[in-house]
Protein chains: 4
Amino acid sequence: MNKFGFLGLGIMGSAMAKNLLKAGFDVTVWNRSPEKCEELAALGARSAATPRQVVESCGITFAMLSDPAADEAVCFGTDGVLEGIGAGKGYVDMSTVDATTAQKIGAAVTDKGGRFLEAPVSGSRKPAEDGTLIILTAGDKSLYNEAMPAFERMGKKVLFLGEVGKGAEMKLVVNMVMGGMMSIFCEGLALGAKAGLEVTDMLDVMDAGAVANPMFKLKGGLIAAGNFTTAFPLKHMQKDLRLAVGLGDWLGQPLFTAAAANEAFKRAKALGFGDEDFSALFKAIEK
Amino acid sequence: MNKFGFLGLGIMGSAMAKNLLKAGFDVTVWNRSPEKCEELAALGARSAATPRQVVESCGITFAMLSDPAADEAVCFGTDGVLEGIGAGKGYVDMSTVDATTAQKIGAAVTDKGGRFLEAPVSGSRKPAEDGTLIILTAGDKSLYNEAMPAFERMGKKVLFLGEVGKGAEMKLVVNMVMGGMMSIFCEGLALGAKAGLEVTDMLDVMDAGAVANPMFKLKGGLIAAGNFTTAFPLKHMQKDLRLAVGLGDWLGQPLFTAAAANEAFKRAKALGFGDEDFSALFKAIEK
Amino acid sequence: MNKFGFLGLGIMGSAMAKNLLKAGFDVTVWNRSPEKCEELAALGARSAATPRQVVESCGITFAMLSDPAADEAVCFGTDGVLEGIGAGKGYVDMSTVDATTAQKIGAAVTDKGGRFLEAPVSGSRKPAEDGTLIILTAGDKSLYNEAMPAFERMGKKVLFLGEVGKGAEMKLVVNMVMGGMMSIFCEGLALGAKAGLEVTDMLDVMDAGAVANPMFKLKGGLIAAGNFTTAFPLKHMQKDLRLAVGLGDWLGQPLFTAAAANEAFKRAKALGFGDEDFSALFKAIEK
Amino acid sequence: MNKFGFLGLGIMGSAMAKNLLKAGFDVTVWNRSPEKCEELAALGARSAATPRQVVESCGITFAMLSDPAADEAVCFGTDGVLEGIGAGKGYVDMSTVDATTAQKIGAAVTDKGGRFLEAPVSGSRKPAEDGTLIILTAGDKSLYNEAMPAFERMGKKVLFLGEVGKGAEMKLVVNMVMGGMMSIFCEGLALGAKAGLEVTDMLDVMDAGAVANPMFKLKGGLIAAGNFTTAFPLKHMQKDLRLAVGLGDWLGQPLFTAAAANEAFKRAKALGFGDEDFSALFKAIEK
């Protein structure tokens with residue numbers, strides 16, 4: 001049986017690694033704050049002191065880090081991934097980073113003889129726990145095939161999208177659509193409320209029609225309840241909108257609606273809602 | 001058993017009246033072009049020569065007319081609804097019109113002693129045929145209750161929203177959200193395509209995630225196939241966005257995202273796509 | 001010498017009528033609140049009790065009323081303009097109204113045998129006092145020629161734009177540009193201020209370059225001083241932006257920038273700045 | 001008398017260096033394509049083979065390079081500015097670059113003991129030739145004072161804005177306002193033209209009012225004539241709008257109008273107008 005490594009045990013990574021353990025895989029974990037490893041160790045994981053040790057001891061190592069800076073530090077830093085990688089070994093980076101970062105790390109891994117697959121996910125805490133993430137891979141196809149048994153435990157859908165960078169771009173496109181939907185949704189709720197409609201009625205009507213979607217159902221109820229507990233931070237959604245608008249700039253695709261949504265999220269961030277859930281956009285729109 | 005009247009046998013009205021006939025109701029129909037009545041007559045409907053005759057001979061008369069002008073003509077014109085309405089009779093206007101038109105017709109009907117219910121629907125040809133419309137009623141609650149047996153055959157969900165005008169406003173809010181979603185969806189597909197992503201992959205990813213909705217699934221496939229056969233005309237969606245933005249103006253609700261989507265649909269209309277399906281927005285965005 | 005009538009002695013009308021008196025013309029004035037006539041009478045004006053009396057006693061009557069409702073009331077009401085108008089008489093409506101209102105009044109005047117010229121102005125209190133308005137006329141060319149001696153005292157530039165309605169549309173276009181400029185100007189000042197630039201430096205640089213214009217110079221200084229004393233009310237600018245975006249809807253011209261500016265002004269109005277000067281947009285943008 | 005160096009003899013740099021020569025200064029020039037130096041040499045300039053030689057032989061060296069890449073190459077490359085700079089020497093970078101590039105070059109120059117002043121300009125070919133640029137300096141105040149005799153020949157207005165980076169940010173703010181003005185201006189012209197107004201009438205009215213500015217006057221006439229000969233390339237304006245919107249992102253300033261204008265320019269670029277004058281935006285808006 002394959003030995004899997006796992007770097008990064010935040011909310012997402014921890015849930016994903018647990019799913020690997022539950023499936024009976026041999027998993028070696030590392031986290032910057034080592035205490036996070038204990039919970040996993042209690043479930044049967046091995047712990048390692050550095051990313052390098054994880055990569056050295058496992059055939060395929062997964063990473064789920066918080067941002068490009070952390071992702072690069074774990075790869076390029078002292079006792080990092082690059083010091084352990086080598087011929088035959090695979091590195092699957094599931095962190096959400098931009099295409100450029102993914103390509104930089106991918107190039108470094110293959111330069112050392114390793115194989116690289118970017119594999120950002122769509123979905124947040126709940127799908128991570130339930131093993132129902134959508135996994136957007138790109139890069140080394142053989143690694144994709146070998147990692148599949150693990151992917152199947154972490155996600156409900158796995159796509160292979162081509163060369164490194166396509167995973168990041170797919171995620172950006174999907175998040176841009178999600179952000180635009182949230183913006184028009186909040187505008188609709190705010191408009192209807194000012195017109196004297198009940199929010200629950202609006203949610204009912206939308207949930208019965210062609211626009212019905214899990215996000216409106218879940219977030220609509222929370223918005224109605226004034227509950228903006230963070231599942232996906234507003235500032236991260238705004239960052240994705242910014243990056244998507246920037247990608248459109250690069251590729252020559254005007255994005256009027258996305259640009260307007262981006263400014264709306266920027267305003268929400270400027271009003272102090274950046275660390276709340278991205279549905280807190282509603283508070284900026286209704287006022 | 002109640003005798004129902006039905007005015008207006010276009011694509012929507014015809015399908016809705018058929019569902020009443022199938023349920024065994026006694027239905028009297030009228031249409032401006034009388035030949036449309038024949039198909040319904042073959043299914044057991046009675047035909048009348050004028051809206052007045054329909055209203056005179058039925059306890060409750062439904063109307064499904066194409067726009068505010070037709071709606072007013074049928075109500076206020078010679079041999080129109082007002083000439084037949086009277087104490088105890090009910091008029092249920094299911095046409096999509098603005099709140100002002102609904103209020104004007106409602107006031108005229110109640111002035112004559114009749115009862116009025118506005119009842120615009122969410123959903124187009126297919127839900128009309130399947131009897132799965134969402135019916136947004138407002139006005140006379142007793143009429144709402146009496147019309148329920150008919151509503152249950154035409155729709156899967158019926159809401160009572162309060163005073164006349166709320167039905168029109170609810171529909172406007174929902175269509176505004178739908179239009180904004182179409183705009184960000186088309187921007188996402190256009191951006192991803194320019195980035196080299198497969199449209200089918202994008203649709204797959206969105207369909208597996210929190211933004212999954214019937215509209216993306218249906219329209220996405222048609223967009224990918226270049227099929228813009230009209231289900232809901234683009235120019236009507238643009239009109240709804242215009243009205244929604246205007247409602248926001250009236251109510252003091254800024255709507256940056258909806259306004260951007262409105263301009264995008266205006267551009268699509270200016271490019272000649274007004275009579276195609278509203279998903280033809282994609283053609284205006286990608287070029 | 002021609003006898004001129006003048007209806008409406010608000011801030012604008014009063015200043016304009018005074019310029020006619022100063023030039024030595026025989027001027028008969030009317031105002032809804034008659035006390036406003038006294039100031040003009042002290043300067044040599046005759047007073048009349050109704051619009052009808054003014055029109056009956058003068059060859060050409062000018063009107064400067066506050067909005068379409070007032071404009072219609074003075075024309076169509078009891079003892080209104082229509083009751084006094086007749087063959088040979090001219091009515092010059094300088095009020096700012098939409099093209100439809102101008103056309104309606106124009107048709108009524110010509111139906112009675114009179115001649116009609118719409119003549120909205122560009123410029124507010126100061127240019128009205130200084131006789132430096134820009135006068136945008138359309139309609140009867142002979143009336144335009146006969147009214148010229150009066151126009152030359154009220155304005156520094158007079159254009160004849162064709163059929164009735166073109167004056168209103170020209171004013172709308174110019175005000176739309178003005179509103180869009182104010183929006184991008186406020187965004188620039190707010191951005192620069194957040195970047196640590198001095199507002200006075202920004203104003204200096206813009207005033208020295210290709211974008212230098214009297215509005216930036218005047219309003220920029222007032223914005224820097226936090227002085228939003230009303231010269232042109234923000235809510236009126238927002239109304240003009242709404243009408244311009246609506247005209248674009250009608251004519252098939254997408255207006256993304258104007259639509260964004262319109263929403264920005266809507267927000268400023270929703271924040272309570274509607275009665276302040278339209279430069280109070282700055283307060284809505286910077287926060 | 002001070003000896004001045006000048007690096008970069010494109011359209012702008014060549015005109016600026018000529019003004020220094022005309023004023024009688026001792027000027028040493030360098031350009032990547034050496035043939036451009038000949039024209040200046042004919043006017044009395046000395047030529048140098050490398051940036052390093054220029055810096056070594058002059059007390060103050062000015063640079064006017066086309067973009068950040070060229071700017072960095074000339075500073076950091078072999079035989080570049082850094083190899084010649086040293087205690088007492090001044091480097092005045094008049095190229096239009098982002099604040100980050102300016103800060104990077106500034107730090108490198110001061111690390112070597114030199115003094116640095118960023119000094120981007122507002123104005124294009126004509127003001128460069130006429131010596132009427134607006135010069136936006138920031139950095140070393142003593143260098144600012146010493147360079148003033150040269151600045152006075154190149155510009156009509158010189159501002160000192162504080163620490164390095166402020167010059168770039170001021171230019172960005174001003175160009176953002178300029179781009180937004182062009183966008184609303186083109187929308188106004190396109191709307192008016194569709195309404196049947198003459199472009200010349202619109203230009204006349206705007207030129208007589210509070211929004212009158214040299215840009216509308218100059219570009220309006222050229223737009224009316226269909227002349228989009230490049231003075232300031234559309235793609236550069238779009239880049240500046242992108243950077244300004246990005247600066248707003250960084251500083252927490254939503255910029256709805258600028259973002260809409262940015263997308264409009266992106267669309268014009270996507271339609272193939274990127275190398276034409278930025279007024280070619282009109283062609284993208286009217287169609």
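Select Lys217(D) and Asp207(D) to begin: their side chains meet in a salt bridge, 2.9 Å from N to O. A salt bridge here is a side-chain nitrogen of Lys or Arg within 4 Å of a carboxyl oxygen of Asp or Glu. The pair links distant parts of the chain, with Lys217(D) in helix H11 (residues 214-224) and Asp207(D) in helix H10 (residues 199-208) of chain D, 10 residues apart. Helices (H or I, at least four residues) and strands (E, at least two) are DSSP runs, numbered from the N terminus. Lys217(D) is exposed at 56% relative accessibility, and Asp207(D) is partly exposed at 34%. Buried means under 20% relative accessible area, exposed over 50%, and partly exposed in between, with a 1.4 Å probe and protein chains only.

This is a predicted model, in which local features need pLDDT of at least 70, side-chain atom pairs count only at pLDDT 80 or more, and totals for chains, interfaces and linings use all residues. Residues are numbered from 1 along each chain as its sequence is written, chains are lettered from A and ligands numbered from 1 in the order in which they are written, and side-chain values use heavy atoms, with hydrogens and water left out.

**Two buried residues of chain D**

Remain in chain D and select Phe282(D), in helix H14 (residues 281-286). Phe282(D) is buried, with a relative accessible area of 9%. Not counting residues up to four places away in sequence, Phe282(D) touches Cys186(D), Leu189(D), Ala190(D) and Ile223(D); contact means heavy atoms within 4.5 Å.

Next, select Pro120(D), in the loop between strand S6 (115-118) and strand S7 (121-122) of chain D. Pro120(D) counts as buried at 2% relative accessibility. The C-alpha atoms of Pro120(D) and Ile135(D) are 6.1 Å apart, although these residues are 15 places apart in sequence. Beyond its neighbours within four places in sequence, the contacts of Pro120(D) include Asp93(D), Ile134(D), Gly167(D) and Lys171(D).

**Helix H6 of chain C**

Move to chain C and select residues 99-111, which form helix H6. At 1.5 Å a residue, these 13 residues should span 18 Å, and the end C-alpha atoms are 18 Å apart, which agrees; the expected span is 1.5 Å times one less than the number of residues. Among the buried residues of H6(C) are Ala99(C), Ile105(C) and Val109(C). Their cover includes helix H4 (68-76), strand S5 (90-93) and helix H9 (166-194) of chain C. Just after H6(C), Gly113(C) takes a positive phi of about 95°.

A search of the whole structure finds 68 salt bridges over all chains. For one of them, select Glu72(A) and Lys104(A), whose closest N and O atoms are 2.8 Å apart. Glu72(A) lies in helix H4 (residues 68-76) and Lys104(A) in helix H6 (residues 99-111) of chain A, so the pair ties together parts that are 32 residues apart in sequence. Also in chain A, Arg52(A), Glu56(A), Asp79(A) and Glu83(A) are linked in a network of salt bridges.

In chain B, select Asp26(B) and Arg46(B), which form a salt bridge with closest N and O atoms 2.7 Å apart. Asp26(B) is in strand S2 (residues 26-30) and Arg46(B) in strand S3 of chain B, 20 residues apart. Asp26(B) is buried, with a relative accessible area of 18%, whereas Arg46(B) is partly exposed at 44%.

**Where chains A and B meet**

Display chains A and B together. Chain B can be laid on chain A with an RMSD of 0.0 Å by a turn of 180° and a shift of 0.0 Å along the axis. That is the relation of a two-fold axis. The superposition is by least squares on the C-alpha atoms of residues with pLDDT of at least 70 in both copies. Asn213(B) comes closest to the rotation axis of the residues of chain B, at 2.4 Å (C-alpha).

Now select the interface: 56 residues of chain B are in contact with 55 residues of chain A. The area buried between them is about 4900 Å², of which carbon and sulfur atoms give 75%; buried area is the accessible area (1.4 Å probe) that two parts lose on being put together, summed over both. There are two salt bridges between chain B and chain A. Lys157(A) forms a salt bridge with Asp204(B), the closest N and O atoms being 3.8 Å apart.
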